[in-house]
Amino acid sequence: MKELPRISEAEWEIMKLIWKKNPITSDEIITPLSSKMGWTAQTIKTFINRLLKKEVIRFEKSGRNYLYYPILTEKECIKAENKSFLEKVYNGAIGMLVSNFLEDEALSEKDIEYLQQLLNSRKKGQSE
């Protein structure tokens, strides 16, 4: 499987918009991010071009507009980020990640039930 490109935090902001609505024009990306992040239009266009070069998004020309589409799904990118984080911070040890998270974060009863169901279904899947 081809390794997915690394997406910066700034590029994630653009991708969130593209995943939420596509096709999307550069103006539909620039307007909300200019006010939310305080970035200039040129800065945002630079991030868009980086995403194009990384082959995370593509575009089609429609009249005077460029319409942007995601090539990679949000799920694919999240999975790659999770794997990268796990390797970088925990040397791939998922048990250590989970135990540190459980020790440091407050979980609701609903969260705990969900995690138990997830672990039980995973355990059943491995024993079959």
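Colleague: What pattern does the protein chain follow when read along the sequence?

Modeller: This is a predicted model. Read along the sequence, the pattern of the protein chain is α-β-α-α-β-β-α-α-α, with six helices and three strands.

Colleague: Why is T25 called buried?

Modeller: The relative accessible area of T25 is 14%, and buried means under 20%; T25 therefore counts as buried. T25 is found in strand β1, residues 24–25.

Colleague: Which residues is T25 in contact with, leaving aside its neighbours within four places in sequence?

Modeller: They are N65, Y66, L67 and Y68. Contact here requires heavy atoms within 4.5 Å.

Colleague: Why does C77 count as buried?

Modeller: C77 has 4% relative accessibility, so this residue counts as buried under the 20% limit. C77 lies in helix α4, residues 74–90. Not counting residues up to four places away in sequence, C77 touches L4, I7, W12, W19 and L72.

Colleague: Which residues touch the most other members of the largest nonpolar core?

Modeller: They are I14, I18, I29, I44 and I57, in a core of 21 residues. The elements giving two or more residues to this core are α1 (9–20), α2 (26–37) and α3 (41–53). The largest share, six residues, comes from α1.

Colleague: What does I14 touch, not counting residues up to four places away in sequence?

Modeller: I14 touches I29, L33, I44, F47, I48 and L51. In soluble globular proteins, nonpolar side chains tend to be buried together.

Colleague: How does the radius of gyration of the protein chain stand against that of a compact globule of 128 residues?

Modeller: The protein chain has 19 Å, whereas a compact globule of 128 residues would have a value near 14 Å. The C-alpha trace spans about 55 × 35 × 25 Å along its principal axes. Of the 128 residues, 23% count as buried.

Colleague: What part of the accessible surface belongs to carbon and sulfur atoms?

Modeller: Carbon and sulfur atoms account for 53% of about 9800 Å². As for charge, the protein chain has 21 positive and 19 negative side chains, and the centres of the two sets lie 7 Å apart.

Key: Residues are numbered from 1 along each chain as its sequence is written. This is a predicted model: local features need pLDDT of at least 70, side-chain atom pairs count only at pLDDT 80 or more; totals for chains, interfaces and linings use all residues. Side-chain values use heavy atoms; hydrogens and water are left out. A nonpolar core is a set of buried Ala, Val, Leu, Ile, Met, Phe, Trp, Tyr and Cys residues joined through side-chain atoms within 4.5 Å. Buried means under 20% relative accessible area, exposed over 50%, partly exposed in between (1.4 Å probe, protein chains only). Helices (H or I, at least four residues) and strands (E, at least two) are DSSP runs, numbered from the N terminus. The radius of gyration is taken over C-alpha atoms; the globule rule is 2.2 Å times the number of residues to the power 0.38. Accessible areas come from the Shrake-Rupley method with a 1.4 Å probe; for residues, only the protein chains shown count as cover. Lys and Arg count as positive and Asp and Glu as negative; His and the chain ends are not counted. The place of a charge is taken as NZ of Lys, CZ of Arg, CG of Asp or CD of Glu.
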